[in-house]
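Good morning, everyone. Please have a look at the sequence and the model, and I will then go through a few of the features.

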Amino acid sequence: MRARPLSAPARALLAATTATPSRRRVLRGALGGGALAATGGILAACSPKGLEPQTGASTRAACTAADLSASERAVSFGNWVQYLDVDDSDATRHPTLAAFKARTGIDVSYTEDINDNNEYYGKIRAQLAACQPVDRDIVVFSDWMVNKFLRNGFAQELDPAKTPNYRRNLLPSLKARPYDTELRYAVPWQSGLTGFAVNTRVAKEVRTVDELLTRPDLKGRVTVSMEMPDTMGLLIASLGRDPAAFTPEDFDAALEKLRQAVESGQIRRFTGNEYVQDLAKGDVAAAIAWSGDALQLNIEDSKIKFVSPDEGLLIWSDAAVIPVTATHASNAMALLDHYYDPKIAAEVAAWVNYVCPVAGAQDEMVKIDPDLAENKLIFPDEAMLAGVKAFAPLGESEERDYHAKFSAVMGV
């Protein structure tokens, strides 16, 4: 099946949304990303199907951390950078976390220490395998890594009685995630789109993957994502293939294009969240980028545009899980359920500008910022999603082989 590029009307819609103002006024540090949108077929396709969830039964049985939530009114939350609302006058304060503490009395230690799925998973994998604490009660990964997390038995099970908002307000389409069909382990945090971000102050717009990888004026001024599904999904689409149903030969052909761009010096580096700093300064002219980052950057500098490649956009999701060794599981569930109150979800979406996974949040957004309520990069409709694609769900051996090949080209 050939990849379908976004239609011209969809591209026009996307261009219009990048000019929409938001409550966010200050861009600080590196901006973060990770996140699924609103129609069942796309969302189900975005979720990895490789193995049955939680196959690491022996790990799960051996790790039964005591829940100290009743006596220790605290919870530790590790997340991607700039993936939560921030107070206008105090960048260290998160109003929705403050509201949670005021309502429950639970203190939240919030740390923005996730920059890349593999990198962070590598930091905590050995401890979890040995049933040792990782000092986090909640961590957020992209869906494909959540699948691995569950496969290894590293997540605690959610208590339905403690997560009523989540079960009531999760977008119906997100209930189709094959790796967690019973909503037992993973709570979608945000979703998003992968395309190009271009600083048009220093370069003209980039419309295709081949332009990005070969255009002479961009040499040494391009960054691509170290997230394999993002970068390889776009490259596979550039071959006229479907990233959701590609062959090993398709992957190798796309990887060869990437290798040539690396060896020629076209690509400056592979990045996690930190690409936004160089893009904002103009040191990087174009990047494989996440929609929320680009929207935020556009607010500060209208010359930075989020562009839908002619090959089409990719869609993805991030989800929160409670590590098996977490000692404040009940408090963690209460916090995650807090974010499935549509009013709270809208406050977060108004800042992070990613696709919101909570039903009812769009109506609440009208009260906060009517323009954002109509922004199709935050609340996409079926027409917007008609041209987006997802990266193929991978089994364990495929995931290992493809990541090894990709890492070799990255030079790691």
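The secondary structure of this protein chain comes to 18 helices and nine strands. Please keep in mind that this is a predicted model. The chain has 412 residues, and buried residues make up 59% of them. As for the surface, the chain exposes about 15000 Å², and carbon and sulfur atoms supply 51% of that.

Let me start with the cysteines. How many disulfides does the count come to? It comes to one disulfide. The bond joins cysteine 63 to cysteine 131, with an S to S distance of 1.9 Å. The angle about the S-S bond is -85 degrees, and the link of cysteine 63 and cysteine 131 is left-handed. Now for where the two ends sit. Cysteine 63 lies in the loop between α3 and β1, and cysteine 131 in the loop between α5 and β3, so the pair ties together parts that are 68 residues apart in sequence.

Are the two ends buried or exposed? Buried means under 20% relative accessible area. Cysteine 63 has 6% relative accessibility, so it counts as buried. Cysteine 131 has 30%, so it counts as partly exposed. Cysteine 356, at 4% relative accessibility, counts as buried.

Next, the aromatic rings. The count comes to 20 aromatic pairs, and I will show two of them. A pair of aromatic rings is described by the distance of the centres and the angle of the planes.

The cut-off for edge-to-face is over 60 degrees. This pair links distant parts of the chain: phenylalanine 246 is in the loop between α9 and α10, tyrosine 402 is in helix α18, and they are 156 residues apart. Phenylalanine 246 and tyrosine 402 are both buried.

The other pair is tyrosine 275 with tryptophan 290. Here the centres are 6.1 Å apart and the planes are at 75 degrees, so the pair is edge-to-face. Tyrosine 275 is in helix α11 and tryptophan 290 in strand β7, 15 residues apart. Both tyrosine 275 and tryptophan 290 are buried. They also belong to one aromatic cluster, formed by Trp80, Tyr83, Tyr275, Trp290, Trp316 and Tyr354.

The largest pocket holds about 160 Å³ of space. Its lining includes Tyr121, Arg125, Lys148 and Glu399. The elements that give two or more residues to this lining are α5, α6 and α18. Which element gives the most? That is α18, with three residues. By class, the lining of the largest pocket has one nonpolar, one polar and six charged residues.

The second largest cavity has a volume of about 70 Å³. Among the residues that line this cavity are Val187, Trp189, Gln190, Tyr340 and Val358. Two elements, β4 and α14, are the ones that give two or more residues to the lining of the second largest cavity. The largest share, four residues, comes from β4. What classes do the residues of this lining divide into? There are ten nonpolar, one polar and no charged residues.

Conventions
Residues numbered from 1 in each chain as written. Predicted model: local features only at pLDDT ≥ 70, side-chain atom pairs only at ≥ 80, totals over all residues. Heavy atoms only, no water. 1 Å grid on protein atoms, 1.4 Å probe; cavity = no way out; pocket = protein on both sides within 12 Å on 5 of 7 lines; lining within 4 Å. Points joined across faces, edges and corners; volume = space filled by probe spheres on them. Nonpolar A, V, L, I, M, F, W, Y, C, P; charged D, E, K, R; others polar. Phe/Tyr/Trp six-rings, centres within 6.5 Å; stacked < 30°, edge-to-face > 60°. Buried < 20%, exposed > 50% of the residue type's maximum accessible area, 1.4 Å probe, protein only. Areas by Shrake-Rupley, 256 points an atom, 1.4 Å probe, with all protein chains shown as cover. Disulfide = S-S within 2.5 Å.
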